[in-house]
Amino acid sequence: MDLTPIWLTLKLASITTLVLLLIGLPVAYWLSKGRSVIKIILEAVITMPLVLPPSVLGFYLLLAFSPQHGVGKWLQHNFNVQFVFSFQGLILASVIYSMPFMIGPIKSALQQLPLSLSQASYTLGKTERQTFIHVLLPNIRSSVLTAVILTFAHTLGEFGVVLMIGGNIPGVTRVASIAVYDSVENMDYPAANAYSLILFSITFIMVISVFVFNKYKAKSPLE
Amino acid sequence: MITVDIEKKLRAYKGQQVLKIAAQFTAGSITKIYGPSGSGKTTFLKIIAGLIAPEKGKINVDGNVWLDTGSNISLSPQKRKTGFVFQNYALFPNMTVQQHLEYATDDVQWIKRLLAIGKLETFAVYKPEYLSGGQQQRLAILRAMAIKPKLLLMDEPFSALDPKMKSELIPELKLLWDELGTTILIVSHNPQELVGLTENEMEINPL
């Protein structure tokens with residue numbers, strides 16, 4: 001059995017989780033502070049991948065980043081970067097697709113912290129950044145961990161978006177979920193079974209660890 | 001000298017009320033603030049600390065303008081750096097007693113002195129969840145004192161302390177306040193609590 005799709009999937013999930021952690025922390029912090037029309041719209045956009053069929057999201061990404069049109073053409077022309085049918089494209093699609101799983105739990109946890117914690121820190125002369133790093137972040141540690149695990153696990157299982165923007169190029173965009181589909185198409189059930197079992201095991205361990213880290217309390221992705 | 005002249009709309013059960021306060025506090029004085037529940041006592045302290053913005057007003061501390069809505073001046077809470085004792089303590093769950101004080105100041109000797117005053121030396125490595133209500137309240141006071149504030153705002157600071165602890169702690173704090181020349185505003189419901197500590201009183205009643 002070719003293990004490349006498994007390694008590719010793990011690489012994609014790791015990079016996506018790292019990128020989303022870097023983006024998710026400041027965005028979730030910003031969203032957690034007060035309400036405004038811009039925040040409501042942005043939050044709706046971030047939540048869309050939860051309810052949108054993955055093929056629809058993939059289709060729009062394909063259109064947007066196709067080298068023949070708009071942004072894709074501009075990126076290709078100016079930076080020689082191509083997102084369609086490339087691993088970079090998979091990362092971009094995964095970041096967008098898994099965004100609610102990273103931002104949702106972190107934003108919710110920040111909103112549940114008493115406002116007086118930040119206020120106490122400010123009166124001690126600490127900046128917003130210092131307050132976030134030393135007071136807020138340590139007190140939402142378990143939610144950040146939940147968000148990281150859920151994002152990683154969710155990226156492992158992506159299919160529709162990944163297939164639309166990445167296709168099925170062995171060693172480049174052929175991740176495990178696509179390898180399962182491909183194996184079934186080719187009537188290679190043992191390979192499909194092996195890929196499925198590996199994905200199932202990894203995902204199961206990830207979900208179990210969410211429960212363990214949260215002391216057996218279930219946390220919904222949007223909590 | 002601290003001069004305050006502010007106006008802030010308050011949301012109340014019976015429609016809207018206006019908190020309108022004009023007052024002066026002498027440097028180094030201790031003033032008790034009292035008034036009915038929901039009258040805006042906490043809001044008043046938070047306005048002074050820069051945590052809540054009033055619709056209109058001016059705050060002047062020792063000749064420095066902290067707030068002047070007419071000129072669009074409003075110093076951040078970090079610049080005002082008032083000591084603030086929150087009614088709910090607002091302790092950081094991730095920090096031990098020692099870390100609370102180290103977060104506020106680098107002065108090791110000062111931290112030792114504060115721990116001794118609050119009788120919390122033996123609890124230095126404990127996080128708030130392992131402290132009693134009274135210990136948590138003392139920590140909240142010590143943390144506010146750690147920055148050696150020129151103005152200390154205290155919201156029901158002694159409510160969880162037993163009479164013995166209160167009678168031991170308050171004189172010790174008074175020594176510190178005198179030493180630093182700190183001006184104190186204390187919100188308190190209990191009329192007996194601050195007897196002998198302050199002669200200045202201010203009643204808050206929204207319009």
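Across all chains, the structure holds twelve salt bridges. The model is a predicted one.

## Salt bridges

| Pair | N to O distance | Accessibility of each partner |
| B:E55 and B:K8 | 3.8 Å | B:E55 42%, B:K8 16% |
| B:D107 and B:K148 | 3.1 Å | B:D107 29%, B:K148 37% |
| B:E179 and B:R113 | 2.6 Å | B:E179 49%, B:R113 32% |

Take B:E55 and B:K8, whose side chains meet in a salt bridge. B:E55 sits in the loop between α1 (41-49) and β4 (56-61) of chain B, while B:K8 belongs to strand β1 (residues 2-12), so the pair ties together parts that are 47 residues apart in sequence. B:E55 is partly exposed. B:K8 is buried, because its relative accessibility of 16% falls under 20%.

B:D107 and B:K148 also join through their side chains. B:D107 is in the loop between α3 and α4 (108-117) of chain B, and B:K148 is in the loop between α5 (133-146) and β8 (151-155), so this bridge ties together parts 41 residues apart in sequence. B:D107 counts as partly exposed. B:K148 is partly exposed too.

For B:E179 and B:R113, the closest N and O atoms are 2.6 Å apart.

Chain A has a network. Salt bridges with shared partners join A:R35, A:E43 and A:K107 there.

## Chain A: a chain of helices

Chain A has eleven helices and zero strands. Its C-alpha atoms fill a box of roughly 65 × 45 × 25 Å along the principal axes. Of its 223 residues, 46% are buried. The accessible surface comes to about 11400 Å², and carbon and sulfur atoms hold 70% of that. Among contacts in chain A with a separation of 6 or more, 72% are between residues 24 or more positions apart.

Which helix of chain A is largely enclosed by the rest of the structure? It is α10 (residues 176-185), because seven of its ten residues are buried. Those buried residues are A:A176, A:S177, A:I178, A:A179, A:V180, A:D182 and A:S183. Their cover includes α1, α9 (160-166) and α11 of chain A. Just after α10(A), A:M187 takes a positive phi of about 60°.

Helix α1 (residues 4-32) holds A:L8. A:L8 is buried, with a relative accessible area of 8%. Leaving aside neighbours within four places in sequence, its contacts are A:F87, A:G171, A:V172, A:T173, A:R174 and A:V175. The C-alpha atoms of A:L8 and A:L61 are 21 Å apart, and 53 residues separate the two along the chain.

Helix α11 (residues 189-213) holds A:S209. A:S209 is buried at 16% relative accessible area. A polar atom of its side chain lies 2.6 Å from the backbone oxygen of A:M206.

## Two positive phi values in chain B

Most residues other than glycine have a negative phi. B:N72 has a phi near 60°, a positive value. B:N72 lies in the loop between β5 (64-68) and β6 (73-74). B:A90 has a positive phi near 50°, and its place is the loop between β7 (83-85) and α3.

Buried or exposed: how do B:N72 and B:A90 stand? B:N72 is exposed, at 74% relative accessible area. B:A90 is buried, at 3%.

## Where the chains meet

The contact takes 19 residues from chain B and 18 from chain A. About 1600 Å² is buried between the two chains, and carbon and sulfur atoms give 64% of that area. There are zero salt bridges between chain B and chain A. Seven residue pairs are in polar contact across the interface.

On the side of chain B that touches chain A, α2 (77-80) and α3 (97-104) each supply at least two residues. The residues on that side divide into twelve nonpolar, four polar and three charged.

Key: Residues are numbered from 1 along each chain as its sequence is written. Chains are lettered from A and ligands numbered from 1 in the order in which they are written. This is a predicted model: local features need pLDDT of at least 70, side-chain atom pairs count only at pLDDT 80 or more; totals for chains, interfaces and linings use all residues. Side-chain values use heavy atoms; hydrogens and water are left out. Helices (H or I, at least four residues) and strands (E, at least two) are DSSP runs, numbered from the N terminus. Buried means under 20% relative accessible area, exposed over 50%, partly exposed in between (1.4 Å probe, protein chains only). A polar contact is a pair of N or O atoms within 3.5 Å; within protein, one must be able to donate a hydrogen and the other to accept it, and residues adjacent in sequence count only if both atoms are side-chain atoms. Contact means heavy atoms within 4.5 Å. Buried area is the accessible area (1.4 Å probe) that two parts lose on being put together, summed over both. A salt bridge is a side-chain nitrogen of Lys or Arg within 4 Å of a carboxyl oxygen of Asp or Glu. Ala, Val, Leu, Ile, Met, Phe, Trp, Tyr, Cys and Pro count as nonpolar, Asp, Glu, Lys and Arg as charged, and the others, Gly among them, as polar. Accessible areas come from the Shrake-Rupley method with a 1.4 Å probe; for residues, only the protein chains shown count as cover.
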